[in-house]
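Dear colleague,

Please find below the structure that I am handing over to you. My notes on it follow directly after.

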Amino acid sequence: MSLTSNDWLAAAQRQLAAAGVGTARLDALVLLEDQLNKYRTHILAHPEIVLSAQDVKILARQLARRAKHEPLAYIRGHTEFYGRDFSITPAVLEPRPESETMIELLLQQPDLPPQPRIADVGTGSGALGITAQLELPHAIVDLLEIDPAAAKIAQKNVIKFTTGQKIIISDLLEQTSQHYDILLCNLPYVPDNFHINEAALAEPKIAIFGGGDGLDVYRRLFMQLQTQQNKPLLILCESLPPQHDALTSIAAEAQYSLRQTEDFIQVFSLQHTAHTDR
């Protein structure tokens, strides 16, 4: 008996909803789009499309994974960030929409050098650093990552976007002597005892949890900066808004003051400028 796309979509939605997936219909439609290689508007306009046995088999495996709350990006193998499609695997954190604000704030800074040297510290998939390179073609952006498995995914995305960037295996700044004008830092910041959702449980814990108050990795970063003679001019960090005051104090110990805050992102400047909230 043949199975139409409409019948499959209804059954898939029921399966995911029963498993507690809050975006059941959308997730099922996204998987169907990928498998059929057709836009959702076409699929919805043609509910009579017949699925092949191979389509049904592949989609059944993907639905079973999503029903266990595995992130959709891992099942699909890619996700969108700042309008671009990045390769993703369970070795890296899925880039979040809130991290796009870091790119927006970087581009707004009035005192960027003509050819800034930028480090994406803890790059993961490379989404932040590669996006910065593409948005600032005159910049030189290095991708720093402690986990070799994550670095392989970053390398895959570097090749995909032909940015030719250097990937350095490094514990924060420890394994590089390069001077950087700007640091982009989306480091682990979730407190160890913080309850995260089921999808996040499938993501690498090394990229999520940052100690008792969530800021231990940032403490290590700013401690490394304290010993540098030629410090970066700007540091952009992501953390939870309730952590912002504590992170500002940590940055101050390394001679950085808060320049700007927007949502999850803070911009710290080596020059002691006035605090401006957007």
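Which helices and strands each supply at least two residues of the lining of the second largest pocket? They are strand 5 (117–121), helix 7 (127–135), strand 6 (140–145) and helix 9 (216–226). Helices (H or I, at least four residues) and strands (E, at least two) are DSSP runs, numbered from the N terminus.

Two remarks on the basis of these notes come before the rest. This is a predicted model, in which local features need pLDDT of at least 70 and side-chain atom pairs count only at pLDDT 80 or more, while totals for chains, interfaces and linings use all residues. Residues are numbered from 1 along each chain as its sequence is written, and side-chain values use heavy atoms, with hydrogens and water left out.

Overall description

The protein chain contains 10 helices and 12 strands. Its C-alpha trace spans about 70 × 40 × 35 Å along the principal axes. Of the 278 residues in the protein chain, 50% are buried; buried means under 20% relative accessible area, exposed over 50%, and partly exposed in between (1.4 Å probe, protein chains only). The accessible surface of the protein chain comes to about 13200 Å², and 54% of this belongs to carbon and sulfur atoms. These areas come from the Shrake-Rupley method with a 1.4 Å probe, and for residues only the protein chains shown count as cover. Among contacts (heavy atoms within 4.5 Å) with a separation of 6 or more, 61% are made by residues 24 or more positions apart.

Pockets and cavity

Both terms refer to a 1 Å grid over the protein atoms alone: a cavity is a set of points where a 1.4 Å probe fits but cannot get out, and a pocket is an open set with protein on both sides within 12 Å along at least five of seven lines; lining residues have an atom within 4 Å of a point. Grid points are joined across faces, edges and corners, and a volume is the space filled by probe spheres set on the points.

The largest pocket has a volume of about 780 Å³. Its lining comprises 36 residues, and Glu 94, Arg 96, Asn 197, Ala 199 and Glu 203 lie nearest its centre. Helix 2 (24–36), helix 5 (72–76) and strand 3 (78–81) each supply at least two residues of this lining. By class, the lining divides into 20 nonpolar, 6 polar and 10 charged residues. Here Ala, Val, Leu, Ile, Met, Phe, Trp, Tyr, Cys and Pro count as nonpolar, Asp, Glu, Lys and Arg as charged, and the others, Gly among them, as polar.

The second largest pocket holds about 520 Å³ of space. It is lined by 34 residues, with Gly 122, Gly 124, Glu 145, Asn 186 and Ala 207 closest to its centre. This lining has 19 nonpolar, 8 polar and 7 charged residues.

Nonpolar cores

A nonpolar core is a set of buried Ala, Val, Leu, Ile, Met, Phe, Trp, Tyr and Cys residues joined through side-chain atoms within 4.5 Å. The largest one has 30 residues, and Leu 183, Tyr 218, Leu 221 and Phe 222 have the most contacts inside it. Strand 5, strand 8 (182–185), helix 9, strand 9 (234–238) and helix 10 (244–252) each supply at least two residues of this core; helix 9 gives the most, with 5 residues. Beyond its neighbours within four places in sequence, Phe 222 is in contact with residues including Ile 235, Cys 237, Leu 247 and Phe 268. A second, separate core of 24 residues includes Phe 81, Leu 128, Ile 130 and Leu 143.

Individual residues

Leu 93 lies in the loop between strand 4 (84–87) and helix 6 (100–108). Leu 93 counts as partly exposed because its relative accessibility is 23%. Leaving out residues up to four places away in sequence, Leu 93 touches Tyr 74, Ile 88, Glu 203, Pro 204, Ala 207 and Ile 208.

Most residues other than glycine have a negative phi. Gln 255, in the loop between helix 10 and strand 10 (257–262), has a positive phi near 75°. Asp 263, in the loop between strand 10 and strand 11 (265–269), has a positive phi of about 55°. Gln 255 is partly exposed, at 45%, and Asp 263 is exposed, at 51% relative accessibility.

Yours sincerely
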